[in-house]
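I opened this notebook to record what I looked up about a sheet and a ligand site.

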Amino acid sequence: MPGIEKSMADFVREHPDLRYAFFGGKGGVGKTVMAGTAALWFARQGKKTLLASTNPVHSISSLLGQNVFGKPTPVDGAENLHAFEIDTSETIERSKREIREKIAWFLQYADLNTKADDFIESATMNPAFEESAMFENMVDLMFRDEYEVYIFDTAPTANARRLLGMSKVYSLWVQKMLKSREEAKSLREMLSFSKKKEKDPLMDYLLSFQDRMANAQRLLTDDQKTAFFFVTIPEALPIAVITRFINWFHDFGIPVGGVIVNMLIDNTILQGTTDEFVLNRVAAQAEHMDTIWKTFDGGVRAIVPLFEQEVRGVPMLQRTADMLFK
Ligand SMILES: Nc1ncnc2c1ncn2[C@@H]1O[C@H](COP(=O)(O)OP(=O)(O)O)[C@@H](O)[C@H]1O
Ligand SMILES: [Mg+2]
């Protein structure tokens, strides 16, 4: 009979510097619940913890039964814990504004007579723009360094992957831009009679952008500070989804903390039951558990049972924490 080789409790004990934890997986498997559970657990260990979500839906507020939208808010009944549902529309508007300023400045600098609006339109109508604005937001939060532990309710899976895959390309591009900026600048300085240095906001921006990229990559690939956990339920599709995620993450050197299996029906409560529906569900789950043990091998960190009710509110999160960190 397979079993858990290294539990969630073992993992956090072996990673005392863990600061950034992410929970990924298919919709509805319990990512928000596990993130909330882990956040409560870290807070109870005495660590100043932020539970943050970049989800457009108000999932954390509903998990906690408390409005945490728009700003980090102390969680009632849980010391050391703040929760924060990031206002996506505000983030997106701000990103658009920043891009608008940069593009306008650049066009002016380059003496181009094009309307900035055309550029802004094409930059921000991109479907990846929203996702990428959210990612920026998350990275900002991490850099602000106000908490000891950050738990993110959804792993920006595609983004983390894209970011790390792209970071080489980005840094080559930024280096090229910087080089040509420097050449253009020294040419201008040589040609100009005045000796005063020109301010160059685009160069500053490129430098700080490069810096942020390098920082984000360093944080996201630091296996002492960062862990991505993947949540699944004993069903085919959610298992397939996280199998793919884990492979991507291994390829990019992003630290995978392990797999959490959620909503397993506790078959010890079945004694005497002949209800076909329940028995069939349990049999199907058992089969998918075989796949889980085969696929993730020593990577399973916890098995959380299906409770008789939804997971909502701090007492229910505590009950879940007792199972997650058993
Ligand atoms: N172990 C569990 N037992 C009972 N209900 C659960 C359990 N885990 C999650 N739920 C419920 O399942 C639903 C989906 O969970 P949620 O965390 O919102 O999923 P996700 O964030 O992955 O979409 C919620 O209503 C939640 O309360
Ligand atoms: Mg969710």
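The entries below cover conventions, the sheet, a helix and the ligand.

**Conventions.** I worked on a predicted model, in which local features need pLDDT of at least 70, side-chain atom pairs count only at pLDDT 80 or more, and totals for chains, interfaces and linings use all residues. Residues are numbered from 1 along each chain as its sequence is written, chains are lettered from A and ligands numbered from 1 in the order in which they are written, and side-chain values use heavy atoms, with hydrogens and water left out.

**Sheet.** I traced an open, mixed sheet of eight strands in the order β3-β4-β2-β5-β1-β6-β7-β8. Strands here are DSSP E runs of at least two residues, and helices are H or I runs of at least four, numbered from the N terminus; two strands pair if DSSP finds at least two bridges between them. The edges are β3 (73-74) and β8 (300-305), each of which pairs on one side only. I then followed β3 to β4 (residues 81-85): two bridges join these antiparallel strands, and P74 stands opposite H82.

**Ligand 1.** I listed 16 surrounding residues, the closest being G28, K31, T32, P305 and E310; a residue is near if one of its heavy atoms lies within 4 Å. For polar contacts with the ligand (pairs of N or O atoms within 3.5 Å), I noted a backbone N or O atom of G28 at 2.8 Å from a ligand oxygen atom. A polar backbone atom of K31 is 2.8 Å from an oxygen atom of ligand 1. A backbone N or O atom of P305 lies 2.9 Å from a nitrogen atom of ligand 1. Taken alone, ligand 1 exposes 560 Å², of which the protein buries 79% (Shrake-Rupley method, 1.4 Å probe). Helix α2 gives the most to the shell, with three residues.

Technical notes
Polar contact = N/O pair within 3.5 Å; in protein donor to acceptor, adjacent residues only side chain to side chain.
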